Each structure stands twice: as C-alpha cells, then as structure tokens.
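Hi everyone, thanks for coming along.

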Amino acid sequence: MTTTLDQVLGAQAFFAGLDDEHLATLASVAEPVSVAIGRKVFHEGDVADACYLLLEGDVALEMDIPGRGPHVLQTLHAGDMLGWSWLVSPFRYAYDAQALTEVKAIRFDAVALRSAKDTDKVFGYELMQRFAEVLVRRMQAARLQLLDVYGNAH
Amino acid sequence: MATLTELTPKLAPMEPVPFVVRSIRDELSDTFTLELDPPDGVFEFLPGQFTMLYVFGIGEVPISVSGDPAQPSTLVQTIRGVGAVTYALRQVRPGDVVGVRGPFGTEWPLAEADGHDIVFVAGGIGLAPLRPAIYSVLANRQRYGKVVLLYGARSPSDMLFTQELLEWGGRYDVDVLITVDNADRQWRGAVGVVTKLVRRAPFDPHDTVAMVCGPEVMMRFSAQELEGRGVPQHRIHLSMERNMKCGIGLCGHCQFGGRFVCWQGPVFSYDELAPLLLVKEV
Amino acid sequence: MPETLVLDRSGLASILSELRARDYLLVGPTIQQEAIGYGPIDSLDDLPQGWTNVQSPGASHLERRDDERLFGYVVGPHSWKKYLMPNEVVIWRGERTDTGFETVPPEPAPAYALFGVRPCEVAAIAVQDAVFMPTDRVYRERREAAFIVAVNCTQAGANCFCTSMGTGPAVGEDAVFDIAFTEVDRNGTLAYLVEAGSDDGAAVLQTVVGAEPASDADLAMLESVLQEAAASVTKTMDTDGIHDLMLANLRNGYWEDVGGRCLACTNCTMVCPTCFCNTVEDTMTLDGTTAERTRKWDSCFSIDFSYIHGGPLRMTPEARYRQWLTHKLATWFDQYGTSGCVGCGRCITWCPVGIDLTAEVAALRRVDARQGLSVPLPEVMA
C-alpha cells in the first residue's frame with residue numbers, strides 16, 4: 001500500500017482540521033526532501049523559496065556572529081514547521097538552518113503557496129491561522145529565553 | 001579600485017610616535033577615553049579613521065579616533081578593555097607616553113552626504129567611531145537635510161557619551177532616538193533592538209546617506225532595515241572590524257574577501273559588502 | 001635582444017667571485033636535511049652537483065643523477081623570501097627616555113646575491129614586490145640591495161605547473177633579474193648560456209674571463225632545450241575564468257570536503273614563495289628599558305590569524321583553506337592585478353596529506369554552483 005502526499009500531510013498535527021480539498025492544494029505544491037547530516041536546509045540571506053514541515057530529524061536555526069561563530073537560536077524537530085520568511089517581504093531567510101541529523105521533510109514551494117493562499121482566501125485563512133499559532137508560540141519562547149531565567153540573580 | 005601606492009604615496013609609518021597622555025576618563029565599567037597630546041601639537045584625521053596605539057613593550061591595537069576633527073590639537077580615543085594591550089592602556093596615567101601610528105583608513109562619507117539627510121546608526125561602542133562624524137555634521141549643520149542619530153545599547157548603564165546624547169537630543173535640528181536591549185523600570189525610554197528604530201526614524205530614505213557602526217550582526221540587520229525602507233545600498237556605509245595589525249596593507253590579517261579593511265576600509269559602502277556579509281567565516 | 005654568452009664552469013664560478021668582490025653575501029641551493037634548500041655558498045662546489053629531487057603530492061626525496069649537473073633539480077621547500085622577507089626580522093627598537101621613548105631603526109640589511117633563482121621564483125619575487133615595495137621600507141631595503149642570478153629549468157618536477165601559470169620554465173620577457181643562464185650539455189661538456197637582465201648584470205658579466213658569444217647552433221640548442229623542458233611539465237591547472245570560479249563558489253559545500261582533509265598545518269603558506277602574511281611580536285627587556293618589534297611569517301591557516309576580540313573569524317579548516325585558495329587564485333588579482341600562484345608546486349609537495357591545488361581547482365569546477373551543480377540543498381526523495 002502506498003501513502004499519498006495528501007495522507008502524509010493530513011496526518012500532521014500542523015495541518016489537523018484541513019479539509020481534503022485544501023490538503024490536495026498543499027500536496028500540489030509539496031515534495032518530500034531529505035537533507036544529509038551537517039548540510040544546510042537553507043542559508044541566511046537566500047531567497048526564501050520554500051518552507052519545510054519536518055517529518056524526521058532535527059534542524060538548528062543558527063546565526064553566525066563573526067568572532068564567536070555560529071550561535072544556535074533554536075532547534076526544530078519532527079512535526080515542526082521550518083521557515084516563515086517566505087510569508088513577508090523581502091522574502092529572504094533570516095537564519096541558517098542546519099541539519100543536525102539526517103532530516104526528512106516536506107518542502108512547500110513558496111511562490112506556489114503564496115499564490116494559492118491569495119487565490120483561495122479560505123485556504124489562505126486556514127494556513128495563516130496555523131502559522132500565526134507557530135509565530136506567537138515561538139516569540140513567547142524567544143522572550144522567555146531572552147530573560148535568561150537560569151542566570152545569576154542580580 | 002585605487003592602488004595602495006595611490007593611497008599611500010610615501011612609505012607608510014612602521015614606527016610608533018610617542019604621544020603624551022593628557023587625561024584618562026572612564027566612560028563605562030570597561031570603557032575609557034584617552035586624550036593624547038601630539039608631539040607636533042597637531043594630529044589631523046578624517047572622521048572614521050583609526051590609529052594603532054602602542055604600549056611600550058606590550059603591543060599594539062587598532063583604535064578608532066573618537067574626538068572632534070576640528071580640534072586637532074588633541075587625539076581622543078575611546079577604548080574598551082578586552083585584551084592585554086587595552087588593559088595596559090587602561091593603566092596609563094597623565095604624563096605617561098603611548099605610541100601612535102596613523103591615522104589609517106577610509107572616512108565616513110560626509111562629502112557625499114552634503115545636501116542630503118543623514119542617519120547615524122550606532123550600536124554599543126560603535127558610537128565612538130561615529131562621534132567625529134557627528135561633531136563634523138553638527139558643526140556644519142546647514143549643509144545637510146534631516147540629521148538623525150539612532151543609538152542602541154545593551155542597557156541604560158551601557159550607554160556611551162550620555163552627556164552628549166542629552167545635548168544632541170535637546171537640539172531642535174537633530175533627532176536622537178535611543179533604545180536598549182534590556183532595562184528595568186527606572187528606564188523610561190525605548191526597549192528593543194536598534195534595528196527597530198530604523199522604521200520610525202524621520203528621514204527621507206530616497207535622499208539619505210546612512211552611516212552604521214556597531215557589532216557586525218547589528219550592522220547587517222541595520223543595513224537590511226535601511227534597505228527595506230528604501231535607502232539604496234550604495235548610500236549605506238558600514239565600518240568593518242577585522243584583525244588590523246600593520247595598518248598599511250601588508251600583513252594580510254584584515255582581509256575581508258579581496259579587501260584590506262585597514263586601508264580600503266574600515267568604512268565601506270554596503271553594496272561592496274552585502275554579498276560577502278552573507279558568507280560565513282570570510 | 002641581450003647578447004647570449006657561453007661560459008664553462010670556471011666562467012660561471014667567476015660570476016660568484018665577482019659578486020663576492022662586490023660585497024654581496026652569496027646564497028644558493030645546497031643540500032640541507034635531505035632536501036634542496038637555500039643557504040650560504042662559497043663556491044660552485046657547495047651546490048647539489050649530480051643530485052636531483054623526485055617529488056609527488058606530499059613527498060620529495062633526493063636521488064643521484066647520472067650526470068654532474070649543478071642545477072639538475074627543481075625547487076625545494078625554501079624560497080628566496082627567506083632573504084628578502086625573512087621569517088624573523090627586527091623592524092625597529094625602542095629605548096626608554098626621560099620623556100617617554102624613542103625608536104631607532106634596526107641594523108642595515110645585508111645585500112644578498114641570490115644565485116640559482118628559478119623562473120617561477122623570479123615571478124614570485126615580482127609578486128612580493130607588488131605587495132611590499134610601495135610601503136614597506138624593510139622589504140624595499142633588502143630587495144633593492146639584492147642581485148638576482150636566475151637559472152632556467154631544463155626539466156620539470158612532477159608537481160611543477162609553471163607552464164599553466166606563464167612563469168616558466170624559462171625567464172619571461174618582462175622578468176626582472178640581473179643575470180639569467182641555462183645549464184646545457186654542449187658536446188658532452190656542461191656549459192652555461194648566459195645573458196644579462198640589468199646594467200648591474202651586464203657589468204658583472206664584463207668581468208667574466210673566457211666568455212665567448214653564443215653561436216647560432218648554441219642558440220638553436222638553447223631553444224630546443226627550453227622547449228623540451230616545457231614539454232616535460234606534466235601537471236596543469238586550468239586558469240580559465242578562475243577568478244570568477246572562486247568567488248562564485250564561496251558557499252559551495254565543496255570546501256567542507258577539502259577542509260576535512262586539510263590539517264591546517266600552515267606548511268603550504270610557509271613554503272609558498274608569494275605568501276606574504278606576517279605578524280609582529282612586541283617584546284621588552286626585563287628591566288623595561290628596551291623594546292623591539294619583530295616581524296615573523298604568519299599563516300592564514302593559523303587559528304589566531306583572524307582573531308578579533310571575542311575569537312577567531314575563521315574557525316574551521318575549510319574557511320581557512322578557502323581563504324588561502326581564493327586569495328591566491330582570485331582576490332590577488334583584485335589586489336595586485338596578478339595571480340598569487342606562480343605554479344612552483346611547493347604547496348603540493350610539502351603538504352603532509354598531499355592536497356594538490358590543481359586537483360582542488362578541477363574538483364571545484366566539477367561542482368561549480370553557477371552550473372547548478374553545487375552540493376545540493378534538500379534532495380528530492382524518490
């Protein structure tokens with residue numbers, strides 16, 4: 001028995017609740033990809049031409065600080081959505097994404113996805129709703145990180 | 001590209017010249033300013049240039065000039081203590097002698113900015129290399145359109161030159177916007193990264209020359225924000241930090257891609273740098 | 001066209017005598033630590049007569065020749081920068097005074113006669129001239145004092161690729177030297193076909209006893225000897241568009257491959273005749289009265305090379321290898337209008353793991369990002 005891309009996507013928590021038509025739209029702009037350990041999924045500054053839903057493996061979001069080397073800002077894991085620079089101008093990746101293990105993921109083409117969400121507003125709403133949840137949670141987490149709560153009390 | 005010979009028509013200085021320390025003043029817990037008396041009574045420099053400061057027998061470090069170019073009778077340098085030589089510089093007392101080579105390097109594009117708006121974006125100690133340009137612009141205020149200074153510091157107690165920031169901020173013809181990364185409730189100002197100030201700063205992006213100085217990551221993001229607002233890359237200028245040792249283009253340490261930061265920089269236009277800034281470990 | 005003279009061995013020896021009479025310190029090829037290096041010489045007897053060096057990536061050894069040639073070998077680990085841009089030289093001294101300190105210049109540099117400079121090395125000296133002559137009085141003093149006796153190559157080593165870089169096997173039209181010669185077998189006897197490259201060189205040649213003008217047959221033989229030498233160069237490097245190839249591939253995953261093999265040992269930069277990077281060390285006597293600044297060779301492969309407060313900018317060996325190779329083959333053109341590589345092959349021979357830059361360039365071409373062949377980003381699964 002083979003599993004179709006729609007079925008793979010439908011089984012992901014990120015897309016829970018999407019109807020079959022929207023899953024089919026997603027599948028039409030998606031392809032499964034793999035990234036070897038140690039390779040970059042994308043580079044800071046490159047055109048954000050895709051986002052990735054991680055199926056297996058771990059990815060580090062990194063920023064290089066000259067003189068200090070790459071700084072890991074966050075790690076992402078199976079089930080996480082990687083990449084949101086495709087959503088807003090100037091559509092360029094803000095960080096490096098480095099595969100910490102062998103990674104399997106679904107790659108969504110950004111141009112096609114943007115066009116699909118603009119054409120089908122309901123699809124667009126459903127998609128943005130899910131991205132908004134990710135964004136808010138990650139920002140909250142980032143702020144908590146910023147507080148350095150394990151640091152020495154002053 | 002200008003050749004080295006064109007830029008340094010005479011043999012470049014290899015020996016430090018003794019300057020007498022007139023004063024040393026703490027700016028922050030780790031940052032201090034030296035005032036030095038040039039032996040000839042005059043030290044001419046262009047805003048943005050740096051010198052190599054030498055402590056007898058200890059070593060030499062590149063330090064940007066932070067004083068007023070209209071006051072060449074004193075060499076003013078603001079230094080952060082980060083290593084053996086800067087710690088030794090911290091120990092000098094009035095009357096002591098330190099060695100100086102320079103000035104070296106390129107200047108902030110004040111001539112290019114003539115007739116346009118100016119945005120200074122400074123992060124942390126990056127305000128020091130910009131201060132000579134700010135002095136110069138304020139002394140010739142009528143030449144420019146709007147003048148904006150955006151300054152970001154780690155916390156309120158990490159802000160450099162606070163007295164002057166107050167003074168400049170009090171002028172009607174200068175907009176000073178300040179933000180800190182972290183603050184407690186004593187601080188009534190803005191909290192957030194300096195790049196965020198770019199969006200709300202009052203300048204005409206299509207008629208602006210921007211001068212940016214701070215940690216490389218901060219410059220990278222500030223330049224992107226400026227570009228996002230419509231400032232063309234060639235109108236954005238950054239001051240790069242690399243391992244300057246000889247100051248005269250022949251030790252090789254400060255190369256950034258094909259450029260020698262010591263004499264082709266430290267001030268570069270962003271269009272020269274943008275592609276390389278995205279390559280790691282250049 | 002300068003006149004070509006034919007000298008026998010005693011004629012060649014009289015060049016050395018004349019140079020010594022002119023107060024030059026004579027330095028030339030000698031056998032040192034089972035390799036051919038450069039060191040002080042008194043006479044032709046000090047040269048590696050009858051020896052040759054056999055090289056491959058990461059290896060070199062000496063072998064006896066079946067003739068008594070004085071120059072039957074190729075370049076070893078030394079280059080003439082050890083005299084013109086020495087590894088350790090005091091560039092000034094400082095004395096404490098009542099009012100602070102004053103600097104005093106170091107002792108004057110010696111005038112060297114460099115005897116047996118290969119064409120690729122003549123080219124390398126020109127490359128370093130472009131770096132140092134405009135601004136560096138320490139180098140300039142040595143360089144202006146030096147007398148260069150070049151020797152054309154009549155055979156190539158396995159790591160030589162001067163023909164790809166346009167630097168050999170014979171000195172070129174624009175080459176800067178005082179005297180150049182070729183060692184040839186002339187009717188069963190070794191002879192030296194010599195020409196002057198400067199007024200000083202011509203003056204020295206005037207003093208040589210027993211010189212005779214080269215005949216047409218001599219010149220024809222010289223041409224064919226040099227052609228055979230060129231034909232004996234087996235290694236090549238494709239330099240077509242090499243500047244853009246390098247700079248378009250700064251983010252190519254290829255660098256990780258070579259970075260994984262490179263030990264960052266700095267050998268290649270130490271043996272390279274054009275590598276000029278240097279550092280200074282400030283020291284002081286224990287009583288604090290005297291300080292000096294010593295200049296030493298440095299290498300872009302050292303971790304500290306790119307240090308700014310905080311740490312080194314180039315932490316990984318791949319970043320350091322990329323810096324070295326892109327500087328040599330690309331950004332050197334931007335800086336000085338020439339290649340930083342002269343094709344001498346030293347970095348190949350003396351690399352402990354045998355990394356061969358000509359092979360690396362070929363490998364990079366195969367994965368040139370501009371052809372969409374760089375190491376792929378996410379691969380589409382079947």
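This is a predicted model: local features need pLDDT of at least 70, side-chain atom pairs count only at pLDDT 80 or more; totals for chains, interfaces and linings use all residues.

I'll pick out a few.

Let's begin in chain A. A:Arg130 and A:Glu126 pair up through their side chains, with an N to O distance of 2.8 Å, which counts as a salt bridge because the cut-off is 4 Å. Where do A:Arg130 and A:Glu126 lie? Both are in helix α4, residues 121-147 of chain A, and they are four residues apart, about one turn of the helix. A:Glu126, with a relative accessible area of 24%, is partly exposed.

Now over to chain B. The side chains of B:Asp26 and B:Arg90 form a salt bridge, again given as 2.8 Å, N to O. This pair links distant parts of the chain: B:Asp26 sits in strand β1 (residues 17-28), B:Arg90 sits in helix α2 (residues 84-90), and 64 residues separate them. B:Asp26 is partly exposed at 46% relative accessible area, and B:Arg90 is partly exposed at 25%.

Staying in chain B, have a look at B:Glu216 and B:Arg242, whose closest N and O atoms are 2.9 Å apart in a salt bridge. Which parts of the chain does this pair tie together? B:Glu216 belongs to helix α7 (residues 216-229), while B:Arg242 is in the loop between β12 (236-239) and β13 (255-256), so the bridge connects parts that are 26 residues apart in sequence. Are these two buried or exposed? Both B:Glu216 and B:Arg242 are buried.

There is also a network to show you: B:Glu60, B:Arg101, C:Asp282 and C:Arg293 are joined by salt bridges that share partners.

One last stop, away from the charged pairs. B:Ser64 is in strand β4, residues 59-64 of chain B, and its 17% relative accessibility makes it buried. Leaving aside residues up to four places away in sequence, B:Ser64 touches B:Gln49, B:Phe50, B:Gln77, B:Thr78 and B:Pro129.

Notes:
Residues are numbered from 1 along each chain as its sequence is written. Chains are lettered from A and ligands numbered from 1 in the order in which they are written. Side-chain values use heavy atoms; hydrogens and water are left out. Helices (H or I, at least four residues) and strands (E, at least two) are DSSP runs, numbered from the N terminus. Buried means under 20% relative accessible area, exposed over 50%, partly exposed in between (1.4 Å probe, protein chains only). Contact means heavy atoms within 4.5 Å.
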